[in-house]
Amino acid sequence: MVWKQLEPTPPHVTYLTLTSFLLLYALFSLMIRNRLHLSEPPLATVFGIVTGPKALNIIRPYDWGFSDDIIQETTRLIVGIQCFAVGLELPDGYFGQKWRALLVLLGPVMTTGWLICAVFIKFLFNTDIGTALTISACLTPTDPVLAASVLSNSQFSTRVPKRIRDLLSAESGCNDGVSFPFLFFGLSLLTKSTAGGVFKKWFLVTILYQCVVGILLGTFLGFAFNWLYKFSHSREMMGRASYLAFYLLLAIFSIGLASTLGVDDFLVAFCAGRGFSHGGNSPTEDTRLPVIIDLMLNSAFFIFFGAMIPWQSFHHLESITPWRLLGVLALILAFRRIPVVFGLYKLNLLPSIRTATEAMFVGHFGPMGVGALFLAIEARAQLETDTSLPLPHPPSDLDPERQKTITMIWPIVCFVVLGSTLFHGLSTLVISLGGHFSRHEGERAPLIGGEREGLSGMIFDEGEDVATSENDGQNEDEADSGYRSFLRARA
C-alpha cells in the first residue's frame, strides 16, 4: 500500500514546513520588505502559530522533545551570532565617538525601563519584588535579532539617519549582555541571600567576572583573530569560501568559549565582533552571509516560537489572565522606554538625537525578542538548580513561592515577546502609511513602497551615508546619489 510508504516523522515535517515558508518569503522578499514594509519575524511568528498545535497542528515542538535546554542553547547561539554581527558592522572607531550616548542608553534608560516594568508586573500579577525584578530583567534588553530585521536590508532603513541606526544597533548588541546584572540582582532577592552573599555573587561574580572579564576576553579574541585573518588573507592563504564563513565560525567559537568559562556570552560575542572589525575587513564587508543567516536561522526560530507559545499558561495560574497580560504588554510598550528617552533628550544628554521625532523613534524602538526568551530560561535554571542548567520541571522540594515564580516567568515573557514581535515588526508599515497620508496629496509617493525620503522630523547630515536595500534592484551608488539630490532639492 502506498500509504505505508509515508513517513511524516517530526524531522521530515519540519523540513517541509520550514522550507515552505522560507521559499515563499524568498520569492517575494523584495515586495515584502521594500514595498509592504514588513520584516520576517512577525510573519514567521504568525506562520508558526498557524502551523502549530493551536491551529493546523503540523509543528509540535514540545511533542518532539523541544525542551528548555534546547531552547536555551538555540537562543544563545542566535543572539550571540547577532551580537557579533552588530559589533562587526558598526563603523570603525564608533565607541570612541559615541560612547556617551551609548552609556546613557545602557545606564539610565535600561535601569529606568527595568524598574518601570517591575512595578507593572508586581501590581498586575500580585508578585513579590524579587519576582517582579527578575521577570522585568528578562524584558529589559533591546533584542538584536528584531532590531536587525528592521534597521538593515530594507528600504525603510533608508529613511532613518545612519547615526540613529548605528546607535540602536550598538545598544541592541550590548544590552543583552548588560542585562545579566539586572537579572542576577532579582535572583539574589528571590534566593534570600545575605548582604555578603549578594555582594559576592552579584558584584564579584556577575559584574567583575562575567561582565568585565567577558569584555576583556571578547576584545582579546577579536583583535587576535583580526591579526590572524589579515595575516592569512594578505598572503593569499585563505580561499573565498573560507572567509565567507570565517566570521560565523568565530562568533560560535566566542560563544562556546564564553559559555565554557562561565562569562557573559553576549558581551564576549559583541566585543569579539568589534575587535575583529578593527581596521576594516573588506572581504567580509562584501559577503551576503549575514542575510542568509537572518533568513534561515532567525526566521526558522520565530516559526518555532509561534508554534511553542504556551497558550494554556496564559490562564493557568490565578494571577495570570489574558486581560492582565494584555494590560502589562500595553503598559510596557508605552512606558518602558519612550518617557525616559524623551526626557533625557530634553536634558541634552543624548547628543546623537537631535529632534523630538528622533527621540520618540528611539524610545519606541526597543523590541523584546529572542534575548528575553534566553534570559527567561536562564532565570528558571538559576532558581531550579542554582546553575545555568534548566530542568524539565521545577523540583518538588522547592518552597511554594519559588515554584510559583518559576511557573510565572515563561508565560509572561512569551506573551510580551509575542506582542513586541508583532507590534515592532508591523510598526514600520504603520509609520510608512502615516508618513504617506501626512503629506499633501500632490507630494505623496506611491502608497505601496518606493518612498526614499526620511521620516518626517528626522535630520540627515550633509553627505551622510544613507543605507540602501541590497535587493532593491538598483545600483547602490545611483540610489545614494539620487537620494542626496532629493534632499538638496527639498532644502
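Q: What kind of model is it, before we go on?
A: This is a predicted model, where local features need pLDDT of at least 70 and side-chain atom pairs count only at pLDDT 80 or more, while totals for chains, interfaces and linings use all residues. Residues are numbered from 1 along each chain as its sequence is written, and side-chain values use heavy atoms, leaving out hydrogens and water.

Q: How many helices and strands in the chain?
A: 19 helices and zero strands. Those are DSSP runs numbered from the N terminus (helices: H or I, at least four residues; strands: E, at least two).

Q: And which residues touch the most other members of the largest nonpolar core?
A: Phe 84, Phe 305, Ile 353 and Val 413, out of 122 residues in that core. Helix H5 (residues 94-125) gives the largest share, 14 residues. A nonpolar core here is a set of buried Ala, Val, Leu, Ile, Met, Phe, Trp, Tyr and Cys residues joined through side-chain atoms within 4.5 Å.

Q: How much of the chain counts as buried?
A: 53% of the 491 residues. Buried is under 20% relative accessible area, exposed is over 50%, and partly exposed is in between (1.4 Å probe, protein chains only).

Q: Switching to helix packing: at what angle do H9 and H11 pack?
A: About 35 degrees, with the axes of H9 (residues 195-234) and H11 (residues 265-276) 7 Å apart. Axes are lines fitted to C-alpha atoms, for helices over the stretch in contact, and angles run from 0 to 180 degrees between N-to-C directions.

Q: Which residues of H11 make that contact?
A: Leu 267, Val 268, Cys 271, Ala 272, Gly 275 and Phe 276; on H9, the list includes Gly 214, Gly 218 and Gly 222.

Q: And where do the axes of H4 and H8 cross?
A: They come within 9 Å, crossing at roughly 140 degrees, with H4 being residues 68-89 and H8 residues 162-190. Val 79, Cys 83 and Val 86 of H4 meet Ser 169, Ala 170, Ser 172, Gly 173 and Asp 176 of H8.

Q: Last one: where is Gly 327?
A: In helix H14 (residues 322-335). Gly 327 is partly exposed, at 23% relative accessible area. Its C-alpha is 9.8 Å from that of Ile 121, 206 residues apart along the chain.

Methods
Contact means heavy atoms within 4.5 Å.
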